[in-house]
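I want to go through the strand pairing and then the packing.

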Amino acid sequence: MEQLSQDALAATGKVIAVHINYPSRAAQRGRTPEQPSYFLKPSSSLSLSGGTVERPAGCELLAFEGEVALVIGTRARRVSPEDAWRHVGFVTASNDLGVYDLRYADKGSNLRSKGGDGFTPVGPGLIPAAELDPAALRVRTWLNGELVQEDTTGTLLFPFARLVADLSQLLTLEPGDIILTGTPAGASVAQPGDVMEVEVDAPASGLSTGRLTTTAAQGTVPLADYGAQPRSDDAQRAEAYGTPAAAAAAAPAAAKSALTPELKAKLESVATATLSSQLRKRGLNNVSIDGLHSTRPDRTVVGVARTLRYVPNREDLFKTHGGGFNAQKRAIDSLREGEILVMEARGEKGTGTVGDILALRAQVNGAVAVITDGGVRDVTAVGALEMPTFFANAHPAVLGRRHIPWDVDLTISCGGATVQPGDIIVGDADGLLVIPPALAEEVVNDALVQEAEETFIAEMVAAGHSVDGLYPMNAQWQEKYRAWAADRAQSRP
């Protein structure tokens with residue numbers, strides 16, 4: 001079988017992609033087009049199997065879409081659907097990659113979001129179109145070896161011949177031009193290090209393109225500030241992952257990875273006061289969420305942050321964003337075990353940001369805590385739950401008085417601290433801390449050492465020693481501490 005070459009890619013004039021063509025994808029999107037619609041991808045986006053694709057720095061939503069690609073074999077201009085297929089020279093596999101963080105800036109063109117270098121891997125093999133039934137092909141996609149997409153071309157909204165004929169009415173299709181024919185349900189998001197594989201085959205004949213393999217890599221060079229910057233929200237996450245439910249399910253999995261059971265146990269064993277001093281030693285002075293009360297001040301909470309942002313109420317926007325399954329309800333309904341929902345309410349105390357029903361839902365889902373720098377309704381009922389809620393004050397009013405629930409899982413401000421999804425939150429009677437996941441292990445290990453030292457110092461003070469030279473310890477006291485610590489370690493079972 002002929003293999004795609006770099007020379008063939010260099011000779012490609014046009015890459016044309018179809019928006020929606022599989023019924024399964026149309027069902028996910030909630031819309032079925034009456035006619036095909038298209039967008040162009042630069043030929044410089046083409047790449048061969050076995051390469052890498054860079055997720056630009058600052059972006060989170062590198063989405064993959066396994067597709068059947070048609071390679072035009074002979075010039076086509078104003079051809080009919082009945083005659084169109086003979087103008088297709090080959091069929092191969094493709095991956096229509098894109099970063100949904102930049103989709104807002106394209107205004108429908110998909111140029112920035114889907115036109116990057118390497119964003120259209122194709123290959124590896126070319127199946128002669130004359131040997132294929134275009135309605136009997138199968139496309140499959142694997143992510144890290146797991147099959148995530150599989151569909152056939154028998155039920156396409158717009159058969160391949162119709163696409164070729166339609167496009168040829170207004171533009172000339174030249175030999176080597178590539179048409180990406182749409183993706184089925186199951187397209188989703190790849191993380192750096194993930195391996196994506198796409199294969200197109202004809203099960204009846206055994207013909208196959210082989211697996212088109214692409215590895216995602218993390219870019220390190222930020223986008224220049226004279227162009228559009230990455231921006232993601234609930235809508236784009238839902239589009240990238242396929243559905244809102246898939247986006248919500250993916251966020252916790254990515255966030256929880258840093259907080260292992262062992263790390264969680266360590267963090268639960270030390271006071272926030274000790275952790276605060278260790279964070280301060282590392283130059284982090286603004287990581288406390290201030291001014292809040294806890295419904296369970298006797299509890300220590302340790303969990304992974306999920307975030308929710310409210311914006312000031314504007315009546316026309318509340319009509320579109322405040323009702324139904326809004327951002328507040330989506331955030332709470334998607335909470336999972338080990339997570340803490342942190343809300344940005346701008347310190348506005350004139351309305352409730354959570355009440356008893358939604359707090360109960362968070363508890364049932366396994367949430368560790370709910371944190372808001374705004375008000376809480378039904379405070380007696382919320383306070384009766386096992387799950388702690390941290391809040392600024394009680395208030396009986398509903399959201400629409402001051403807030404619109406706007407978006408989830410983005411960087412927010414709460415109680416004077418910046419919180420990102422995936423940050424580790426630790427809280428006790430002294431307050432709440434935000435710990436960057438990358439620093440958590442070393443911070444807690446040093447905090448454990450500090451608390452052991454302070455236990456020794458407290459014993460010495462209780463025994464009547466002066467704090468002079470003891471707190472902090474000079475060299476003489478440090479030597480005594482080391483002996484004390486060694487004896488203590490030996491006495492443990």
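Ground rule before I start: I call two strands paired if DSSP finds at least two bridges between them, and strands (E, at least two residues) and helices (H or I, at least four) are DSSP runs numbered from the N terminus. I'm working on a predicted model, where local features need pLDDT of at least 70, side-chain atom pairs count only at pLDDT 80 or more, and totals for chains, interfaces and linings use all residues. Residues are numbered from 1 along each chain as its sequence is written, and side-chain values use heavy atoms, with hydrogens and water left out.

**Entry 1: strand pairing**

I started with β11 (residues 138-143) and β12 (residues 146-152), which are antiparallel with 6 bridges. Thr141 sits opposite Gln149 of β12. The hairpin leaves 2 residues between these strands, and Asn144 has a positive phi near 50 degrees there.

Which strand does β11 also pair with over 6 bridges? I found β15, again antiparallel, with Arg138 bridged to Asp201 of β15.

I then followed β15 onward. Strand β17 (residues 212-218) runs antiparallel to β15 and is joined to it by 4 bridges; Glu197 has Thr213 of β17 as its bridge partner. β16 (residues 207-208) pairs with β15 over 2 bridges, also antiparallel, and Ala202 faces Leu207 there. Their hairpin has 4 residues between the strands, and Gly206 takes a positive phi near 85 degrees.

Is β15 enclosed or open? I count it as largely enclosed by the rest of the structure, because 7 of its 8 residues are buried (under 20% relative accessible area, 1.4 Å probe, protein chains only).

**Entry 2: cores**

Next I looked up nonpolar cores, meaning sets of buried Ala, Val, Leu, Ile, Met, Phe, Trp, Tyr and Cys residues joined through side-chain atoms within 4.5 Å. The largest has 32 residues, and Val68, Leu70, Val91, Phe160, Val164 and Leu173 have the most contacts inside it. Elements giving two or more residues to this core include β7 (66-72), β8 (88-95) and β15 (195-202). The largest share, 6 residues, comes from α6.

I checked what Leu70 touches (contact: heavy atoms within 4.5 Å). Leaving out residues up to four places away in sequence, its partners include Trp85, Phe90, Phe160 and Ile179. A second, separate core of 21 residues includes Ile332 and Phe391.

**Entry 3: whole chain**

I get 16 helices and 30 strands. The C-alpha trace spans about 100 × 55 × 45 Å along its principal axes, and 49% of the 493 residues are buried.

How values were computed:
Buried < 20%, exposed > 50% of the residue type's maximum accessible area, 1.4 Å probe, protein only.
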